[in-house]
Amino acid sequence: MRTRDAEIRTGFTLLELVVTLSLLATFAAIAMARLGTSTQANLSASGDARRLSLDLLQAQRRAITTGNNHFLAFTSSGGKIVSYQLFQRVGASTTAADAVHVFNGSVAVTSSATNLEFQFDGTALVAYTITLAAPDVTYQVTVAASTGYAAVAKL
C-alpha cells in the first residue's frame, strides 16, 4: 500500500503557475520599457511593410483567379496615409474584398498612387512605390508594372 508521501508528483500547482506567469509578465514589462517607442515603431514599420506586400500579392492573385481587377485603396487622414483596404472592381462598381488594415501611427507612409490596381492577368496598371518610414529605419515596397511583383527593401 502506497502512502500519500510516496506518490510521484506529475503536475504543477496553481500557485507555481501563477508565480511563473507573474515573473514572465514582469520581465516582459521591463523589456518593453527598455525598448522604447522608437524601437517599437521600427518593428512596426517592418511588419507593416511585409503585411502590405502580402496584401498586394493577395490582390494580384484574386485578380487572376476572378478575372476582375483588384486594388488596394489607401485612406488618408490629415494628409497622412493611415490605412488601406482591398477592393474588387466589377465594371463601374467596386466591392470591399477584405477588412481595413491600419498602419502604426508612428510610421509615416507615402505612396506614388492612391489605388494600387492589378488587372485580370496579374499585371499592375503602373509601377507603384510605397515608403514606410520609422524613426531609425525606412522600408520601400515596389511593384513592377509588367509582372505585378511586389518587393520589400530596407533603405
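Trainee: What makes strand 8 (residues 138-143) and strand 9 (residues 150-154) a pair?

Mentor: They run antiparallel over five bridges, and two strands pair if DSSP finds at least two bridges between them. Strands are DSSP runs of E with at least two residues, and helices are runs of H or I with at least four residues, each numbered from the N terminus. Val143 has Ala150 in strand 9 as its bridge partner. This is a predicted model in which local features need pLDDT of at least 70 and side-chain atom pairs pLDDT 80 or more, whereas totals for chains, interfaces and linings use all residues. Residues are numbered from 1 along each chain as its sequence is written, and side-chain values use heavy atoms, without hydrogens and water.

Trainee: Why is the contact of Glu117 with Arg89 called a salt bridge?

Mentor: A salt bridge requires a side-chain nitrogen of Lys or Arg within 4 Å of a carboxyl oxygen of Asp or Glu. The closest N and O atoms of Glu117 and Arg89 are 2.9 Å apart, so the pair qualifies.

Trainee: What makes Arg34 exposed?

Mentor: Its relative accessibility is 74%, so Arg34 counts as exposed. Arg34 is placed in helix 1 (residues 14-66).

Technical notes
Buried < 20%, exposed > 50% of the residue type's maximum accessible area, 1.4 Å probe, protein only.
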